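Have your viewer ready, with side chains shown and a distance tool at hand. We will go from one selection to the next, and at each stop I will tell you what is there.

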Amino acid sequence: RWTQLSEASAIYSPGPNGAISYNSAANSAQLTLSNNAGGFQRARIATKRRYRYQPGRIVRASLATRLSVAGSPISLTRLWGVGDQTDGFFVECRGDGEGDRLSILYRNSAGNGLTYETRVSRSQWTGDKLDGTGKSKQTLDLSKTFMTMVEWGWYGASDVRVYFYVVDEGDELPTS
């Protein structure tokens with residue numbers, strides 16, 4: 001694990017194989033994990049800022065992501081999103097992320113020490129599946145930079161929405 005560089009330190013053994021850079025002017029970080037033959041690597045950005053409960057408040061978090069998927073074995077799982085080991089909303093990519101190897105993962109600890117996970121595979125998504133067959137006619141290319149935004153309401157009393165923003169290079173754009 002890596003942690004933010006501002007007023008924080010961490011010692012991990014063995015250390016991840018890659019690089020982290022922090023831009024204090026933009027308050028942003030870039031994590032790059034290199035290929036690690038057969039090893040497990042994890043990168044994490046955490047904020048020290050905490051927010052008090054606000055009824056009816058919607059929270060949004062977005063991430064820019066680009067993956068190396070060519071030749072990725074099915075046993076390789078990559079997760080990105082908002083949360084920790086016990087709670088959160090994530091996108092889960094197994095192998096190359098084609099078809100149902102791309103899913104949305106919801107983790108919930110329910111306060112009893114156990115972690116429950118619910119996966120919604122791409123074929124079960126209620127909106128555009130980003131496989132070229134949806135209203136947008138777009139296919140999510142994980143090897144190109146794209147944005148993922150997770151939106152949810154406080155206290156678990158609202159829907160959760162996951163948005164993907166992709167670069168549209170087509171000449172004929174949909175009307176909406």
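Start by selecting E92, which is buried, with a relative accessible area of 5%. This is a predicted model, so read each distance on the tour as a computed value. E92 lies in strand β5, a strand that covers residues 88–94. Show the side chain of R119 as well: a polar contact of 2.7 Å joins the side chains of E92 and R119. Now bring up the surroundings of E92. Setting aside neighbours within four places in sequence, E92 is in contact with T77, R78, L79, R101, L102, S103, L105 and R119.

Select R78, and you are in strand β4, residues 77–83. Turn to the backbone of S68 instead, where the oxygen lies 2.7 Å from a polar atom of the R78 side chain. With neighbours within four places in sequence left aside, the contacts of R78 are L67, S68, V69, S72, V91, E92, C93 and G95.

Next, select D96 itself together with R101. Side chains of opposite charge can pair when their charged atoms come close. The side chains of D96 and R101 meet in a salt bridge, at 2.8 Å from N to O. Are these two residues buried, partly exposed or exposed? D96 counts as partly exposed at 24% relative accessibility, and R101 counts as partly exposed at 27%.

Select R60 and E151, which form a salt bridge with their closest N and O atoms 2.6 Å apart. The pair links distant parts of the chain: R60 is in strand β3 (residues 58–65) and E151 in strand β8 (residues 146–153), 91 residues apart. Colour the two by accessibility and you will find that R60 is exposed, with a relative accessible area of 55%, whereas E151 counts as buried at 9%.

R161 forms a salt bridge with D159, with the closest N and O atoms 4.0 Å apart. D159 counts as exposed at 55% relative accessibility, while R161 is partly exposed, with a relative accessible area of 42%. With these four displayed together, you are looking at one network: salt bridges that share partners join R60, E151, D159 and R161.

Now for the aromatic rings. The structure holds six aromatic pairs. Select F89 and Y106: their ring centres are 5.2 Å apart and their planes are at 15 degrees, so the pair is stacked. F89 lies in strand β5 and Y106 in strand β6 (residues 102–108), so the pair ties together parts that are 17 residues apart in sequence. F89 counts as buried at 15% relative accessibility, and Y106 counts as partly exposed at 34%. For another group of rings, select W80, W125, F146 and F164, which ring pairs link into a cluster.

What sits over the ring of F90? Look for the charged end of R107, 5.1 Å from the ring centre.

Select T86, in the loop between β4 and β5. T86 and R107 are 21 residues apart in sequence, and 5.9 Å apart in space from C-alpha to C-alpha. T86 counts as partly exposed, at 30% relative accessibility. Its side chain makes a polar contact of 3.1 Å with the side chain of D87. Leaving aside neighbours within four places in sequence, T86 is in contact with R107, N108, S109 and T115.

Definitions and conventions: Residues are numbered from 1 along each chain as its sequence is written. This is a predicted model: local features need pLDDT of at least 70, side-chain atom pairs count only at pLDDT 80 or more; totals for chains, interfaces and linings use all residues. Side-chain values use heavy atoms; hydrogens and water are left out. Helices (H or I, at least four residues) and strands (E, at least two) are DSSP runs, numbered from the N terminus. A polar contact is a pair of N or O atoms within 3.5 Å; within protein, one must be able to donate a hydrogen and the other to accept it, and residues adjacent in sequence count only if both atoms are side-chain atoms. Contact means heavy atoms within 4.5 Å. Rings of Phe, Tyr and Trp (its six-membered ring) pair if their centres lie within 6.5 Å; planes under 30 degrees apart count as stacked, over 60 as edge-to-face and the rest as tilted. Buried means under 20% relative accessible area, exposed over 50%, partly exposed in between (1.4 Å probe, protein chains only). A charge sits over a ring if NZ of Lys or CZ of Arg is within 6 Å of the ring centre and within 35 degrees of the ring normal.
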